[in-house]
Amino acid sequence: MALINPKKKEVQVKIVYYGPGRGGKTTNLEYINKKFKKRIQNEMVTVKTYGDRTLFFDFLPFDIGEIKGHSIKVQLYTVPGQVKYNATRRLVLRGVDGLVFVADSMDLRREMNIRSLQNLKENLETFNKSIFNIPLVLQYNKRDLEEEGIPILSTDTLQRDLNSRLKAPSFAASAVKGDNVAATMKKIIALTVGSLRKKLE
Amino acid sequence: MDFTIEFDKQQIESIENILQEELIDLGVQSVILMDLAGNVIVNLENGDASHDVYSLAALAAGNYGAVSAMANIIGEQEFSLLFHKGEEESIHFSKVVEDLLLLTIFNKNVSLGFLRLKVAEAIKRIQVLI
């Protein structure tokens with residue numbers, strides 16, 4: 001649940017980027033950090049392991065202005081994608097308000113995407129949350145690889161694999177190039193903040 | 001379980017007063033009352049320092065969770081003293097109630113023993129309010 005501070009008239013919203021390892025979650029945040037530098041007052045925090053992979057999480061706080069007289073502070077997090085870091089993923093999911101699932105479009109990663117989404121569903125259940133009730137956006141990342149001749153899954157296949165029951169908004173994106181990175185973020189912020197509107201009235 | 005405690009304006013003001021009296025007036029640089037999702041509920045500073053409290057809270061929540069998991073592995077419920085000592089500044093963590101943490105940042109002029117005593121008093125007074 002988002003935290004509402006009635007004294008400061010401030011709302012803190014936690015959005016987590018989830019998905020298989022090396023799928024581009026951190027790259028999403030890095031792009032946002034660069035692109036919206038002027039609106040981001042704090043440095044991006046990142047806890048990396050040997051080999052430049054996310055160990056704990058990345059964290060990027062962000063002011064998006066006012067809604068109903070409350071200033072909204074969005075906090076973007078990523079989780080470590082590798083299977084073995086599930087305990088850490090669960091820690092980061094605590095108190096999550098909105099989710100972006102970053103799927104890897106590479107042919108080879110088809111199974112990993114499905115497993116990671118299943119893992120998300122199970123981890124949410126440990127917090128008594130359902131993947132069907134939480135604001136969620138899917139991002140099919142690495143679309144740019146097609147130009148390099150690397151086999152990628154069609155968006156139809158990705159939709160069928162991941163989104164046939166969820167029916168969440170989805171974006172074909174390239175985090176490296178920045179295509180649809182901002183659109184994904186804007187969508188999840190709109191969904192998450194929209195779900196809070198009632199509370200702020 | 002995932003729950004969030006909701007605070008009204010009066011509760012926040014009362015908590016601020018307690019933290020001011022018990023900790024800031026003692027010489028502590030900064031106190032943060034936060035939840036384990038990494039949200040900052042109350043933050044007070046003595047004016048000498050300005051920290052990036054949102055990043056600190058995010059990392060502290062992760063750190064606290066990790067240390068608690070370590071405690072469980074060796075058969076402990078939790079570690080009651082969580083404290084990082086630096087050359088100039090140090091950080092003290094304390095659980096207030098399930099899901100709420102109090103973070104205290106202080107320098108060499110404040111003794112750890114006295115700080116722990118005052119933190120315990122502040123927590124007792126806050127627990128009555130929530």
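**Close-up views of a predicted two-chain model**

**View 1. Helix H2 of chain A against helix H2 of chain B.** In this predicted model, the axes of H2(A) and helix H2 (residues 53–73) of chain B come within 10 Å and cross at roughly 135°. Angles over 145 degrees would count as roughly antiparallel and 65 to 115 as roughly perpendicular, and H2(A) and H2(B) are therefore oblique to each other. The crossing of these two helices, H2(A) and H2(B), is right-handed. On the H2(A) side the residues that meet H2(B) are Ala87(A), Leu91(A) and Val92(A). Their partners in H2(B) are Gly62(B), Gly65(B), Ala66(B) and Ala69(B). By class, five residues in the contact of H2(A) with H2(B) are nonpolar and two are polar, with no charged residues.

**View 2. Helix H2 of chain A against helix H3 of chain A.** H2(A) also packs on helix H3 (residues 110–126) of chain A, at an angle of about 55° and with the axes 10 Å apart. That angle makes H2(A) oblique to H3(A). H2(A) passes H3(A) in a right-handed crossing. From H2(A), the contact uses Asn86(A), Arg89(A), Arg90(A) and Leu93(A). From H3(A), it uses Asn119(A), Asn123(A), Leu124(A) and Thr126(A). The contact of H2(A) with H3(A) has four polar, two charged and two nonpolar residues.

**View 3. The side of chain A that touches chain B.** The contact between the chains takes 22 residues from chain A and 23 residues from chain B. On the chain A side, at least two residues each are supplied by strand S1 (3–5), strand S2 (10–18), strand S4 (54–67) and helix H2 (86–93). S4(A) gives the largest share of this side, four residues. Sorted by class, the side of chain A that touches chain B has twelve nonpolar, six polar and four charged residues.

**View 4. The largest nonpolar core and Phe101(A).** The largest nonpolar core has 84 residues. Those with the most contacts inside this core are Val16(A) and Phe101(A) in chain A, and Met34(B), Ala57(B) and Leu103(B) in chain B. The largest share of the core, eight residues, comes from H2(B). Leaving aside neighbours within four places in sequence, Phe101(A) is in contact with Tyr18(A), Gly19(A), Leu117(A), Leu120(A), Leu136(A), Leu138(A) and Gln139(A).

**View 5. Asp35(B) in strand S1 of chain B.** Asp35(B) is found in strand S1 (residues 30–35) of chain B. A residue is buried if 20 or more other C-beta atoms lie within 10 Å of its own. Asp35(B) counts as buried because it has 22 C-beta neighbours inside 10 Å. Asn72(B) is 37 residues from Asp35(B) in sequence, and the two are 20 Å apart in space, C-alpha to C-alpha.

View 6. Arg22(A) is in the loop between S2 and helix H1 (25–35) of chain A. Phi of Arg22(A) is near 60°, a positive value in a residue other than glycine. With 17 other C-beta atoms within 10 Å, Arg22(A) is partly exposed. Lys167(A) is placed in the loop between helix H4 (155–163) and strand S8 (170–172) of chain A. Lys167(A) is not a glycine either, and has a positive phi of about 50°. Lys167(A) is exposed, with 11 other C-beta atoms within 10 Å.

Definitions and conventions. Residues are numbered from 1 along each chain as its sequence is written. Chains are lettered from A and ligands numbered from 1 in the order in which they are written. This is a predicted model: local features need pLDDT of at least 70, side-chain atom pairs count only at pLDDT 80 or more; totals for chains, interfaces and linings use all residues. Two residues are in contact if their C-beta atoms, placed from the backbone, lie within 7 Å. Ala, Val, Leu, Ile, Met, Phe, Trp, Tyr, Cys and Pro count as nonpolar, Asp, Glu, Lys and Arg as charged, and the others, Gly among them, as polar. Axes are lines fitted to C-alpha atoms, for helices over the stretch in contact, and angles run from 0 to 180 degrees between N-to-C directions. Angles under 35 degrees count as roughly parallel, over 145 as roughly antiparallel, 65 to 115 as roughly perpendicular and the rest as oblique. A crossing is left-handed if the near helix is turned anticlockwise from the far one by less than a right angle, and right-handed if clockwise. A nonpolar core is a set of buried Ala, Val, Leu, Ile, Met, Phe, Trp, Tyr and Cys residues joined through C-beta atoms within 7 Å. A residue is buried if 20 or more other C-beta atoms lie within 10 Å of its own, exposed if 12 or fewer, and partly exposed in between; C-beta atoms are placed from the backbone.
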